[in-house]
Amino acid sequence: MSNLKARLLAVAIILLFAGMTYYNWHQLNTGERYSLKVAAFGPVGVVGGLFLLLFPGRVGKPETTKDKIIVLLVLGGGLAAGLLNWYLMDPGSFGR
């Protein structure tokens, strides 16, 4: 039953952050200003939610060194996805 709760939380996180990212892209395409924070950190929530969906037993504070490294790798992957999203939204911010 605890896996079900973790997976439902993961789906909610994925939907929330994917919706925020979609809305940010919508704002950009309609000519309004977009949020830099959502562009950078929206994909972090999606990647974290996907990790939680695939590995519901990893919920909670990481206690072992292995768990801490896994959390840092997931965070790094999410930040890389956020950086790519930000670049796709505004390549002018990167010197071009």
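Helices here are DSSP runs of H or I with at least four residues, strands are runs of E with at least two, and both are numbered from the N terminus. This is a predicted model, in which local features need pLDDT of at least 70 and side-chain atom pairs count only at pLDDT 80 or more, while totals for chains, interfaces and linings use all residues. Residues are numbered from 1 along each chain as its sequence is written, and side-chain values use heavy atoms, with hydrogens and water left out.

**View 1. Phe55, in the loop between helix 2 and helix 3.** With a relative accessibility of 42%, Phe55 counts as partly exposed; that label covers whatever falls between buried (under 20% relative accessible area) and exposed (over 50%), using a 1.4 Å probe and protein chains only. Look for Ala6 as well: its C-alpha sits 9.0 Å from that of Phe55, though 49 residues separate the two along the chain.

**View 2. The whole protein chain, with 3 helices and 0 strands.** Follow the sequence and you get the pattern α-α-α. The C-alpha atoms fill a box of roughly 45 × 25 × 15 Å along the principal axes. Of the 96 residues in the chain, 23% are buried.

**View 3. The largest pocket, with about 300 Å³ of space.** A pocket is found on a 1 Å grid over the protein atoms alone, as an open set of points where a 1.4 Å probe fits, with protein on both sides within 12 Å along at least five of seven lines; lining residues have an atom within 4 Å of a point. Grid points are joined across faces, edges and corners, and the volume is the space filled by probe spheres set on them. The lining has 16 residues, and Phe51, Arg58, Gly60, Val71 and Val74 are the ones nearest the pocket's centre. By type, the lining splits into 9 nonpolar, 3 polar and 4 charged residues. For that count, Ala, Val, Leu, Ile, Met, Phe, Trp, Tyr, Cys and Pro are nonpolar, Asp, Glu, Lys and Arg are charged, and the others, Gly among them, are polar.

**View 4. Arg58 and Asp67, joined by a salt bridge.** The two side chains meet at 2.3 Å, N to O. The cut-off for a salt bridge is a side-chain nitrogen of Lys or Arg within 4 Å of a carboxyl oxygen of Asp or Glu, and a search of the whole structure turns up 1. Arg58 counts as partly exposed because its relative accessibility is 38%.

**View 5. A nonpolar surface patch made of Leu83, Leu84, Tyr87, Leu88 and Phe94.** Patch members have over 30% relative accessible area and no salt bridge; nonpolar side chains (Val, Leu, Ile, Met, Phe, Trp, Tyr) are joined within 5 Å, and like charges within 9 Å. Leu84 belongs to helix 3 (residues 65-89).

**View 6. Trp25, in helix 1 (residues 2-29).** Trp25 is partly exposed, at 26% relative accessible area. Met89 lies 64 residues away in sequence but 7.4 Å away in space, C-alpha to C-alpha.

How values were computed
Areas by Shrake-Rupley, 256 points an atom, 1.4 Å probe, with all protein chains shown as cover.
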